[in-house]
Amino acid sequence: MTSTYKVKHGGMAWGTRLAGAVLLLAGLGLIAWNERRVMDYAAAIQRHGAPVLDLGAAGRPAAGQYGSQTRVSGMPQIVDAPRDPEFNVRADTPILVRHVEMFQWREITVGGATHYELDWVDRPIDASTFARPAGHVNPGAFPIQGRQFEAGEVKLGNFRLSEKILRAFPGRTTVAPDEKTLPANLAATFQRVDDALVTSAKPAHPRLGDLRVSWEAVPLQSMTVLARIDGDTLIPAPAKEGDAGFDVQVGERSLLEVVPALPEPPQAVLPLRVIAFLLSSTGALLLALTGRMRRDALFALGIGAVVVSAVAGVMWLAGDAMAASVWLLFAVLGAGLAIWRVQQRTAQVH
């Protein structure tokens, strides 16, 4: 009976050790595979160029960011709205545009036949170039010019946006003028028709030389910007052939949507590191069940930290000295914990 017990007990011990060895090796294999993914991603980012900070809507200017490319998203905040001072038109928008048109003669040639018609045109038309200028003379230069007004300050998230980036914002929406806010001299000249101001006494029947002034604005909408960090401002990076140095897209766009050429980052890096550590620690605990350090969870945790951190640290040595030093520090701490537990057990025995 005693021999049977010894055989059975010995078989269980070997089974436990085998299970421990398998778990330990599984932990080491998992950490090696996980760190290789991270290292491959870092190498791919370096081949692509400078890394891109994915700050989103919550990112803030911080030391060490100068010159970095970043993705920032959210609803633009108009800190200092643009205003057309001549007409006293203001709008909460990054860009306000004044359009000026004059009712003028246009020459139209179709199939060899030339005819003339009056229409609203946004630039002076030189009638001297007409085939039949007589009776179709235009007034000439506009007394009021079209202009673009940009906001004094616009922020996206916690970053200011440079003028060049603001000018790339897409979309246009009509801005209706308020007759009550017009200066007295213009109020006597213009009247509102729909969403524009006209000088026509009879708006339904404008006459040669009448003016029509209207405004458009860039609509406020969720935006995603990829640009370079310059202090607290996003600016274009140095332009390359076929690349403006920045990108502006409507809506909340992920980094991979904005820069499709970027490699996809590895998923669940930290959870897999924790799992590798737990597998290795469990394996060490099973291996120690038949020895003096059996059932010592702290000793097993120390051994798990040593083997996992040592493997990861050695892998990072050639590519990133800082990452390798952090891993090796964990290995030293794990070794210290394991040695302390061995000393504690030895002291208890004596």
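Biologist: What makes you call strand S2 (residues 69-74) mostly covered?

Modeller: Six of its six residues are buried, a term that means under 20% relative accessible area, with exposed over 50% and partly exposed in between (1.4 Å probe, protein chains only). This is a predicted model, in which local features need pLDDT of at least 70 and side-chain atom pairs count only at pLDDT 80 or more, while totals for chains, interfaces and linings use all residues. Residues are numbered from 1 along each chain as its sequence is written, and side-chain values use heavy atoms, leaving out hydrogens and water.

Biologist: How do you know that both faces of S2 are covered?

Modeller: On one side Gln 69, Arg 71 and Ser 73 are buried, and on the other Thr 70, Val 72 and Gly 74 are buried too.

Biologist: Why do you say that S2 pairs with S15?

Modeller: Two strands pair if DSSP finds at least two bridges between them; six bridges join S2 to S15, so they qualify. The two run antiparallel, with Gly 74 opposite Met 223 in S15. Strand S1 (residues 52-56) joins S2 through four bridges and runs parallel to S2; Leu 53 has Thr 70 as its bridge partner in S2. Strands here are DSSP runs of E, at least two residues, and helices are runs of H or I, at least four, numbered from the N terminus.

Biologist: Why is the set around Leu 161, Ile 165 and Val 248 called a nonpolar core?

Modeller: A nonpolar core is a set of buried Ala, Val, Leu, Ile, Met, Phe, Trp, Tyr and Cys residues joined through side-chain atoms within 4.5 Å. This one, the largest, has 21 residues, and Phe 169, Val 225 and Leu 234 are also among those with the most contacts inside it. Its largest share, four residues, comes from S15. In soluble globular proteins, nonpolar side chains tend to be buried together.

Biologist: Which residues does Val 248 touch, leaving aside neighbours within four places in sequence?

Modeller: Taking contact as heavy atoms within 4.5 Å, Val 248 meets Ile 165, Ala 168, Phe 169, Pro 170, Met 223, Thr 224 and Val 225. Apart from this core lies another, of 18 residues, including Phe 190 and Trp 215.

Biologist: And what makes strand S14 (residues 211-217) mostly covered?

Modeller: Five of its seven residues are buried. S14 also has antiparallel partners: seven bridges join S6 to S14, with Met 102 opposite Leu 211. Strand S11 (residues 173-175) pairs with S14 over three bridges, and Thr 173 stands opposite Ala 217. Strand S13 (residues 196-198) is joined to S14 by three bridges as well, Ala 196 having Ser 214 as its partner.
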